[in-house]
Amino acid sequence: MPILYSQRLRLRAPEREDIPMFLRWVNDPDVAENLEHFAVYNRVQEEAWFDRVSNGPRAELPLVIEINQPENDICIPIGNLSFMNIHQFNRSAEIGIMIGEKQYWDQGYGTEAMRRMCQYGFEELNFHRIFLRVFEGNERGKAPYRKVGFIFEGTMREARYHRGRYWNVDFMSILKSEWK
């Protein structure tokens, strides 16, 4: 997978050296609130995940989201995103994103990363449909998805058990014909 650039970001393949950073992100309760895992990860589990995704389909390789500052010759990692569950026949994929560095929340980086990844999915991977799941109460996630062009499709009622109760899970998608 190539390195992808947008106005402020660089999306690159993860490296083994990124594992401690990923581990910090997924074990932060604020970050993990809207992720699908429900338990703390340790280094061995995160390394196993890294090995699995690194050896999996190239189109499903997670990309590290970095703020690109070429004038300073530095990039600041702030999160990751990936396509998952790619269905070759239907040309569809699920997308997921995590901004792990909380000081960069609500600054448009997630929207920009999603927009660039959708562009890559539609224009390079020839997807017809990209979809995502968003948990009830995650308005911080839904607003940027709408900005990119995702449309609400429906709700899986009480499909997520979290904090002692069941929560709804919404599906949103964007079609290639709706892109741009």
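Start with the spot where T111, M114, R115 and C118 of α4 meet P144, Y145, K147 and V148 of α5, with contact meaning heavy atoms within 4.5 Å. This is a predicted model, so to speak: local features need pLDDT of at least 70, side-chain atom pairs count only at pLDDT 80 or more, and totals for chains, interfaces and linings use all residues. Residues are numbered from 1 along each chain as its sequence is written, and side-chain values use heavy atoms, with hydrogens and water left out.

**The α4 and α5 pair**

- The α4 and α5 axes, lines fitted to C-alpha atoms over the stretch in contact, come within 9 Å and cross at roughly 45 degrees.
- The crossing of α4 and α5 is right-handed, meaning the near helix is turned clockwise from the far one by less than a right angle.

**The cores**

- The largest nonpolar core has 32 residues, and L81, F83, I95, I130 and F150 touch the most other members (a core is buried Ala, Val, Leu, Ile, Met, Phe, Trp, Tyr and Cys residues joined through side-chain atoms within 4.5 Å; buried is under 20% relative accessible area with a 1.4 Å probe, protein chains only).
- α4 gives the most to this core, with seven residues.
- Beyond its neighbours within four places in sequence, I130 contacts residues including F83, I95, C118 and F150.
- A second, separate core of nine residues includes M21, V31, L35 and V64.

Conventions: Buried < 20%, exposed > 50% of the residue type's maximum accessible area, 1.4 Å probe, protein only. Helix = DSSP H or I, 4+ residues; strand = E, 2+ residues; numbered from the N terminus. Axes fitted to C-alpha atoms, helices over the stretch in contact; angles between N-to-C directions.
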